[in-house]
Amino acid sequence: MILPSLAKTFFLIGLFSFGGGYGSMELIRSKVVTENSWMTNAEFTDIISIAEMTPGPLGINIASFVGTRTGGIPGTLCATISYVLPAVIVVGILSKVYFKYRNLNGVQGVLKGLRPAVAAMVLAAAITLTATAWWGGVSNIAKESTNYVAIPISIVMLILLRKKLIAPIPAILSSGIIGALLYFLLGVEA
Amino acid sequence: MYNPWEMVFHKKGMNERKRSENISGKRKLWTLFKSCFIISACTFGGGMVIISMLQKKFVEELKWISEDEVMDMVAIAESSPGVMAVNTSIIIGYKIAGVKGALLTVLGTILPPMVILSVISLFYVQFRSNRIVALVLKGMQAGVAAVMINVTITMCLNVLKDKRLSSMLMLVAAAVAAVVFKVDIIVLIIISGIIGGLLNIRKEESA
């Protein structure tokens with residue numbers, strides 16, 4: 001039965017998602033790709049591209065995609081509802097605390113303290129996703145598997161992003177178009 | 001049953017509740033759901049964008065929530081796990097129409113991405129096997145890598161800017177634990193939360 005493991009996994013992801021979409025990416029990836037093999041790293045990257053271009057937060061996009069793929073419509077409902085359930089509970093508890101004491105210093109102290117760890121988790125996600133784009137995966141890093149189209153595109157986009165000359169969505173879109181053209185001209189199979 | 005939400009908005013919400021009473025119950029619920037649905041379906045890009053849209057709708061347009069209450073709501077939403085946009089909509093829904101309202105706003109917010117991604121999921125295999133689509137998605141992987149590296153650089157620089165040895169050590173230790181030792185991310189979050197929280201409290205006491 002897929003539904004209980006979907007429910008459990010997405011409840012845990014929902015409960016421990018801190019630091020926004022990028023901050024929770026490694027948590028989602030480790031549970032969905034590494035632990036449960038519900039999708040591959042390449043597919044995970046596809047969903048990030050798709051999620052950037054469709055409305056809605058990454059967590060919900062991933063929950064809905066994985067839910068539908070593994071359990072059809074019941075799977076979608078189960079994964080997505082499990083994902084938002086912890087938020088409903090915690091928001092309720094924190095509201096009570098907040099309006100009683102008029103501050104959330106304890107919680108915000110912990111969140112501030114988490115910041116270095118969140119940065120580390122974003123770094124971990126970046127390593128995996130960059131290795132997927134450049135070599136087809138972390139375990140694949142070798143001279144023969146190097147993608148000489150992806151590396152220059154990533155570097156140029158990174159420079160443009162750092163100099164704030166381009167926003168993330170146009171950066172991903174233009175990488176898609178330029179990459180597709182180059183792969184097509186060079187006869188590379190996807 | 002004791003309801004924590006009751007005292008939360010009881011006092012603060014009275015005036016607004018009176019003001020919005022002239023809209024009949026059912027229509028109010030429908031407006032709540034519809035507003036969240038439309039905002040969620042039409043907003044691209046992160047949480048803060050959605051929050052400014054929610055503010056525009058519920059504070060400026062409908063006047064169901066006051067400016068001060070929005071600040072409180074954002075503080076709570078930021079401190080809760082999960083998605084900012086969903087957390088904010090939960091609080092707005094409850095404030096305006098109780099538990100029923102909270103359920104409706106959550107549903108309105110998650111329904112558009114849920115439907116879109118389910119449809120994409122159903123057709124993903126056919127979609128992906130189209131040669132052009134596959135090449136574009138492959139190209140996009142390079143862009144996603146660039147975006148991720150960029151976010152990583154920004155976040156790490158922010159941590160290093162504090163010039164606190166403890167933050168730097170934590171960053172390195174957490175990165176090694178996650179990348180090299182493949183420590184479970186949830187375990188990592190719990191341990192870092194405890195250490196980071198304690199360090200922060202000590203710093204505030206000594207300050």
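Buried means under 20% relative accessible area, exposed over 50% and partly exposed in between, for a 1.4 Å probe and protein chains only. The legends below describe a predicted model, in which local features need pLDDT of at least 70 and side-chain atom pairs count only at pLDDT 80 or more, while totals for chains, interfaces and linings use all residues. Residues are numbered from 1 along each chain as its sequence is written, chains are lettered from A and ligands numbered from 1 in the order in which they are written, and side-chain values use heavy atoms, with hydrogens and water left out.

View 1. A:Ser37 lies in the loop that joins helix H3 (25–35) to helix H4 (41–53) of chain A, where helices (H or I, at least four residues) and strands (E, at least two) are DSSP runs numbered from the N terminus. The phi of A:Ser37 is near 50°, a positive value in a residue other than glycine, and A:Ser37 counts as exposed because its relative accessibility is 57%. In chain B, the loop between helix H7 (165–179) and helix H8 (185–206) holds B:Lys182, whose phi is likewise near 50° and positive in a residue other than glycine. B:Lys182 counts as exposed, at 64% relative accessibility. Most residues other than glycine have a negative phi.

**View 2. B:Cys36 and B:Cys42, with their sulfur atoms apart.** A search of the whole structure finds 0 disulfides over all chains, a disulfide being a pair of cysteine sulfur atoms within 2.5 Å. The cysteine sulfur closest to that of B:Cys36 belongs to B:Cys42 and is 12 Å away, too far for a bond. B:Cys36 is buried, with a relative accessible area of 2%.

**View 3. B:Gln55 in helix H3 of chain B.** B:Gln55 is found in helix H3 (residues 47–61) of chain B and counts as partly exposed, at 23% relative accessibility. Not counting residues up to four places away in sequence, B:Gln55 touches B:Glu60, B:Glu67 and B:Val70, contact meaning heavy atoms within 4.5 Å. B:Gln55 and B:Thr88 are 33 residues apart in sequence, and their C-alpha atoms are 9.9 Å apart in space.

**View 4. The interface of chain A and chain B.** The contact takes 95 residues from chain A and 81 residues from chain B. Between them, the two chains bury about 7800 Å², 77% of it on carbon and sulfur atoms; buried area is the accessible area (1.4 Å probe) that two parts lose on being put together, summed over both. The count between chain A and chain B is 2 salt bridges, each defined as a side-chain nitrogen of Lys or Arg within 4 Å of a carboxyl oxygen of Asp or Glu. A:Lys31 forms a salt bridge with B:Asp184, the closest N and O atoms being 3.1 Å apart. On the side of chain A that touches chain B, the largest share, 25 residues, comes from H6(A).

**View 5. B:Ser118 and its contacts in chain A.** B:Ser118 is found in helix H5 (residues 84–129) of chain B and is buried, with a relative accessible area of 13%. Leaving aside neighbours within four places in sequence, B:Ser118 is in contact with A:Ser64, A:Thr68 and A:Thr76.
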